[in-house]
Amino acid sequence: MRDEWAARIVYEAAERAIVGYDAHRAAADTSRRQDRLDKLFRGKGPAPAATAIVAATDDSGTELYGAVVLDTPYNAGAVIQDLELGRQLARLHRIVSGLFVVDEHRGAGLGTQLLREEAAMCALVTGARYIEGFVDDRNGSADFYRRAGLTVLPHNTGLPARRPTNTPLTHESSVDGHWFYLDLWAHYADRMQCKECGSGLAFVPGDGGDLTCPRMRVDAAGQRVHE
């Protein structure tokens, strides 16, 4: 869902479903972040979209069942510190700023499907490694994210530093809840292809995790070559 009308429908539904969500602020924030991302990536290739919306609807597209709103972060502190770090954070991280399923379609696994398949693939194809977010205590239990297989941090604990940006996120004391994240490389490596041979990649968990091609080896001269 890309046009402004469809986005507004999702934002307004998210506002009804999620305590503290502000549809007008979400739309304004998307526009502001896109301007900043465009400036950050100027001369470095196309900027990531500030927001992507993944929605489940009926066949006609008129009835909304649920949606995930994925935001690309613009970290002002990182940008001031190091422009390339700011670009890396924007490339590799996607924030779940809204996730909901309307009442009549809850309990059938739609939320998990939207998060673990639709949103995860949306983030992965744009080059992201992580999807992450925060569930406020007022909006239900963090157990949903645990059951969905995400890493859920202890209550009111920020996100840890993770490769390759190694930039932690400090929890803000004004809210109560749990941060969570999913390492897309670790869970979906086989859905990504080696750019040289087209083989599915493998995830190597050591030292923060990395992706390798099973057909890649290091020759006697120390060069990486395909078999």
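**Core and strand pairing**

Trainee: Which residues have the most contacts inside the largest nonpolar core?
Mentor: Leu-115, Tyr-145 and Leu-184 do, in a core of 34 residues. Keep in mind that this is a predicted model.

Trainee: And which helices and strands each supply at least two residues of this core?
Mentor: Strands 1, 2, 3, 4 and 6 do, along with helix 5 and helix 7. Helix 5 gives the largest share, eight residues.

Trainee: Back to Leu-184. What does Leu-184 touch, leaving out residues up to four places away in sequence?
Mentor: Ala-120, Ala-123, Leu-124, Ala-128, Arg-129, Tyr-130, Ile-131 and Ala-189. There is also a second, separate core, with 14 residues. Ala-7, Ala-14, Leu-64 and Val-69 are among them.

Trainee: New topic, strand 4. Why is strand 4 largely enclosed by the rest of the structure?
Mentor: Because six of its seven residues are buried.

Trainee: How many bridges join strand 3 to strand 4, and do they run parallel or antiparallel?
Mentor: Four bridges, and the two strands run parallel. Look at Ile-95: Glu-132 of strand 4 stands opposite.

Trainee: What does the chain go through from strand 3 to strand 4?
Mentor: Helix 5. That makes a β-α-β crossover, and it is right-handed.

Trainee: Now strand 6. How many bridges join strand 4 to strand 6?
Mentor: Seven, and this pair runs antiparallel.

Trainee: Which residue in strand 6 is the bridge partner of Phe-134?
Mentor: Trp-179. So strand 4 pairs in parallel with strand 3 and antiparallel with strand 6, and six of its seven residues are buried.

Technical notes: Residues numbered from 1 in each chain as written. Predicted model: local features only at pLDDT ≥ 70, side-chain atom pairs only at ≥ 80, totals over all residues. Heavy atoms only, no water. Core = buried A, V, L, I, M, F, W, Y, C linked by side-chain atoms within 4.5 Å. Buried < 20%, exposed > 50% of the residue type's maximum accessible area, 1.4 Å probe, protein only. Contact = heavy atoms within 4.5 Å. Pairing = 2+ DSSP bridges. Right-handed = clockwise from strand over helix to strand, strands pointing away.
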